[in-house]
Every structure is written in C-alpha cells, then in structure tokens.
Amino acid sequence: MRTQVCIIGGGPSGLLLSQLLHTVGISSIILERQSRDHVLGRIRAGVLEWGTVDMLRKAGVGTRMNAEGFEHTGTFLSAKNRGFRIDFNALIGKKVMVYGQTEVTADLYAARTDAGATLLHNVENVTPIGLDTDTPSVSFDQDGTTKTIQCDYIAGCDGFHGVSRKSIPANVLREFERVYPFGWLGVLSETPPVSHELIYANHERGFALCSMRNANLSRYYIQAPVTDKIEHWSDDAFWDELRRRIPTDAADSIITGPSIEKSIAPLRSFVAEPMQWGRLYLVGDAAHIVPPTGAKGLNLAVSDVHYLFTALDQHYNHGENGGLATYSQTALKRVWNAIRFSWWFTTMMHSYPDQSPFDQAIQEAELSHLETSQAAQTNLAENYVGLPY
Ligand code: FAS
Ligand code: PHB
C-alpha cells in the first residue's frame, strides 16, 4: 500500500487532517486501533473555539454544527455560591460554539466515508519505520496479516497513549508534565441545562462545572479525588454535591435526572518537545495534554492540524517546505500559551488536598478581582475563546 501521508489515529486530529488534505488533493490513509463504534462512542469535549468552528467549516463538515451547535457569547464563574458573567462579545467581540466532540467526530467520519477514504480499524502493532529517511513506512497487523504502508510523511494523531511520541528517540524527546491531585467526575443526563451558558464554580468543597450538549442533554462535572470510583457516587449523591458547589440560584432551579453516562477523568498538563522528528509529525493529544478546565484539548488538536495541513499543502501544491521545517516551533508557541491558561484556570478553580484557608481566600480574591476588572476579564476572555493561530 502507498499514500502521501500515513495518519496514525482516527480521533478528531487524524480525521480532520485527512479530510483537509483530501480537499487539496493530498492522499492519506488512517490507521485506527479501535473499532469505528468505539471511537464514535467517546464522550469528551464540549466547547469549540471559533478557530475550530472555522476549520470544521473549511473542511466541509460544519452543516450539522451550524444547525445544532449553541453560540455562546459569555460564560459564568462563581465563588461562594454566587455567580457573575464574563461577556466575551462585549469585551473582545468574539464567541465560542458548544457542540460536543462526539458530534464533531461523527461529522468527520461521515465526510471521510462519503469521500471514500481509506480508514482502517482494529489495527494492531502499528510501527513507524524509517522516520529519519526519505522513504518512511508504517507496518501494522489487521485480521492476522502484517501489512506495510509506504508514505512520504507520518502524522502521529494517536493520542497520549499512542505509539508515535514513543517513536522519537529518548535523547531527542523532552517531556514536561504536571499531574493534578484530583480528577473530574462527569455525568451526562437527559435534562435541560441549568443555565443558557456554562458555569465554572469555585467552592471550598471543590470545583464544579455546568455544561450542556443540547436543549435536553446536560453535562455536569464535580472535582473528585483521583482515587475516587464512580461506584462511590449514586446519582443522588452527585446531584447533592453539585448543588452544594454551584451558585445558589442554579442549585435551586436545576432539573436533575438519571445519569446516562458517568466517568472519572484524571487531570494533567503535559507537553512533548519537539513535535516533529524526521518525517514524523505529532498532532493533538499525542504531543500535549491539558486539564479540561479551559476547554483547550480538542481545540489545540485543531490548531496543530491547521499548521500541519498548511505545511503539507505548501509542500505538495506549492513546492515550499518552510512550514514543514518549522511546524514544531510554530505549534508549540500556541500549545504553551494554552497550557499556561489551562494550568492557571485549573489552579484558580480547584481545591487542592493540602489547601489552607489562606489558599482558598486567595482564590476567592482572584475571582472577586475578575468580577470587577475589565482588564482581568479581557485576559480570561482572550484565552478562553482561543488565541490566534
Ligand atoms: P484522541 O485521543 O482523541 O484520538 C487518538 C486516536 O488514536 C484514538 O482513536 C485512539 O484509539 C487511536 N490510537 C491510539 N494509539 C494508537 C495506535 N498505536 N495505533 C492506531 N491508533 C491508535 N478536551 C476538551 O477540550 N474538553 C473536555 O471536556 C475534554 N474531556 C476529556 C475527557 C477524557 C476522558 C479524555 C481522555 C480527554 C478529554 N479531552 C477534553 C481532551 C480530548 O478532547 C482530546 O483533546 C482530543 O480527543 C484530542 O484528539 P486527538 O489528538 O485526535 O486524540
Ligand atoms: C464539556 O461540556 O464537556 C466541557 C465544557 C467546558 C470545559 C470542559 C468540558 O471546560
């Protein structure tokens, strides 16, 4: 088998890159280790930066998002059970789109399928070969047979636990990490959202977030110990704890219901440098992880895709190689800005196990300053809606 770009990983990064390459006549093959249904069943991100909205529209997959997504011109923060709003539109004339990653993935799958893309599922033992040569390849097993794809470039879109990052020599790769001493317990319920916009709540008992997927599908999170198990949390216990942490008016009006999904996700900040080595380019979670507080994970994957797609288009269709040569340094600049914001927002909003009353008071003072300072709100708004590509 041969293709121009071999893409390892069929999540949002790999699917979007393949779709964009297709729009400019560049061939790709996607290798995905899970089944299509497994990938489509994942429940992950909820907020799209406008840069992501533009990229999805450019890829020709924005129709359902335009019809079903929610445009949000602001968000609510709260401390001590009292909320206030940050108006993105009034401050910086920008907004975000609330449209679940599950739907984005489904839209990309539909487009790749319609275009007759080569998307191989349930592959095993994916192995990049010859990354430091001009003739790289990727071998893999499928249905008991070992196959090889000859290609020009390899896009490592295989997430944090993938094979791509680990294919960069240890003496080349530098990793930066912070693991947070808490996780997020998330619930999906077929109930109307408690608020028309998101609510990020600081509370001495722990962080909480009220989000949504549509007018009758809500997504809620509470901070939980990393050692916690979903079995420890009945639905009633979850709702009671959520009510204790969010603004009083929301707690009094929330409509609860049975959870249709319940999961605990750990939180970490992680960056791998460089994001390229030889003919291998790392994209999305393969290169970096952010705590979901700032809603940056999926959006950073999309800006990586933008940079790599642009560089490959310049190479194949315009004979220019500058974008490929500088992909890592270009992507990492935006990555580190998002890593910083996500760390800052996480540190301000969560209760740390060893936190003192002074620490809690400082968090509340920072939120009080945010409530009254246009400059502070503008800084948060610029980072939350997404810094320029
Ligand atoms: P993904 O991990 O999505 O995709 C990688 C793909 O590669 C997967 O399909 C995997 O099966 C495949 N793969 C792995 N190894 C392979 C191999 N060796 N061979 C072939 N295929 C391989 N972000 C937010 O912005 N907000 C959120 O609320 C949020 N919640 C999250 C909750 C959880 C539990 C997790 C894990 C992540 C969450 N994220 C969130 C981040 C998430 O949205 C990612 O940023 C996004 O999925 C990144 O997309 P990809 O880079 O495509 O990586
Ligand atoms: C979500 O809706 O899942 C969501 C929204 C915003 C975040 C994190 C998760 O910051």
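**Close-up views of a predicted model**

**View 1. Cavities in the predicted model.** Three cavities of 30 Å³ or more are counted in this structure, which is a predicted model. The largest cavity holds about 70 Å³ of space.

**View 2. Residues that line the largest cavity.** The lining includes Pro 12, Ser 13 and Leu 16, together with Leu 48, Thr 52 and Leu 56. Val 104, Leu 108, Leu 298, Ala 301, Val 302 and Val 305 also belong to the lining. Sorted by class, the lining contains 10 nonpolar residues and two polar residues, while charged residues are absent.

**View 3. Helices around the largest cavity.** At least two lining residues come from each of α1 (12-23), α3 (50-58), α6 (101-114) and α9 (297-318). Which helix supplies the largest share of the lining? That share, four residues, comes from α9.

**View 4. An open sheet of three strands.** The strands follow the order β9-β10-β11, and their pairing is antiparallel. Because β9 (124-129) and β11 (145-150) stand at the edges with a single partner strand each, one side of each has no neighbour in the sheet. On average, neighbouring strands of this sheet are turned by 15 degrees against each other, direction ignored. Strands of a sheet pair through backbone hydrogen bonds, in either a parallel or an antiparallel manner.

**View 5. The pairing of β9 with β10.** Strand β10 (residues 137-142) runs antiparallel to β9, and four bridges join the two. Within β10, Ser 137 is the bridge partner of Ile 129.

Conventions: Residues are numbered from 1 along each chain as its sequence is written. Chains are lettered from A and ligands numbered from 1 in the order in which they are written. This is a predicted model: local features need pLDDT of at least 70, side-chain atom pairs count only at pLDDT 80 or more; totals for chains, interfaces and linings use all residues. Side-chain values use heavy atoms; hydrogens and water are left out. On a 1 Å grid over the protein atoms alone, a cavity is a set of points where a 1.4 Å probe fits but cannot get out, and a pocket is an open set with protein on both sides within 12 Å along at least five of seven lines; lining residues have an atom within 4 Å of a point. Grid points are joined across faces, edges and corners, and a volume is the space filled by probe spheres set on the points. Ala, Val, Leu, Ile, Met, Phe, Trp, Tyr, Cys and Pro count as nonpolar, Asp, Glu, Lys and Arg as charged, and the others, Gly among them, as polar. Two strands pair if DSSP finds at least two bridges between them. Axes are lines fitted to C-alpha atoms, for helices over the stretch in contact, and angles run from 0 to 180 degrees between N-to-C directions.
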